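Dear colleague,

My notes on it follow.

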Amino acid sequence: MFQLILLAAIVYILFKWLRQSPPAAPRPRPPDQPAGQVEEMVQDPACGTWVPLSQAIAGRQGNVTHHFCSTECRDKYLEETNHK
Ligand SMILES: [Zn+2]
């Protein structure tokens, strides 16, 4: 009986060792977001919030393009500046 327990322990250790021995495969990175790269931030001129460029709402005013956190801010800002 003791031999069976010893054998089971050896098999268990061997099994664990075999699973740990191969080096862990490197995790594939998402192609659109490389590690360490910080996304460009733009400031909402209406409320001052900084938003990632990919999530910002673009609003053109003449030849200038502004970036906003929401369509509400864009509409508000464009409406206010158009009155000036
Ligand atoms: Zn805003």
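How many bridges join strand 3 to strand 4, and do the two run parallel or antiparallel? In this predicted model, strand 3 (residues 57-61) and strand 4 (residues 64-68) are antiparallel and are joined by five bridges. Gln61 stands opposite Val64 in strand 4. The hairpin that these strands form has two residues between them, and Gly62 adopts a positive phi near 65° there.

As for the overall architecture, the protein chain contains two helices and four strands. Read from the N terminus, the order of elements is α-β-β-β-β-α.

Helix 1 (residues 2-20) comprises 19 residues. From its first C-alpha to its last it reaches 27 Å, close to the 27 Å expected at 1.5 Å a residue. The number of buried residues among those 19 is zero, so helix 1 lies largely in the open.

Burial is also limited in the chain as a whole: of its 84 residues, 12% are buried. The largest nonpolar core consists of five residues, namely Val42, Ala46, Ala56, Phe68 and Cys73.

Finally, on contact range: of the contacts between residues at least 6 apart in sequence, 18% join residues at least 24 apart.

With kind regards

Key: Residues are numbered from 1 along each chain as its sequence is written. This is a predicted model: local features need pLDDT of at least 70, side-chain atom pairs count only at pLDDT 80 or more; totals for chains, interfaces and linings use all residues. A residue is buried if 20 or more other C-beta atoms lie within 10 Å of its own, exposed if 12 or fewer, and partly exposed in between; C-beta atoms are placed from the backbone. Two residues are in contact if their C-beta atoms, placed from the backbone, lie within 7 Å. Two strands pair if DSSP finds at least two bridges between them. The expected span of a helix is 1.5 Å times one less than its number of residues. A nonpolar core is a set of buried Ala, Val, Leu, Ile, Met, Phe, Trp, Tyr and Cys residues joined through C-beta atoms within 7 Å.
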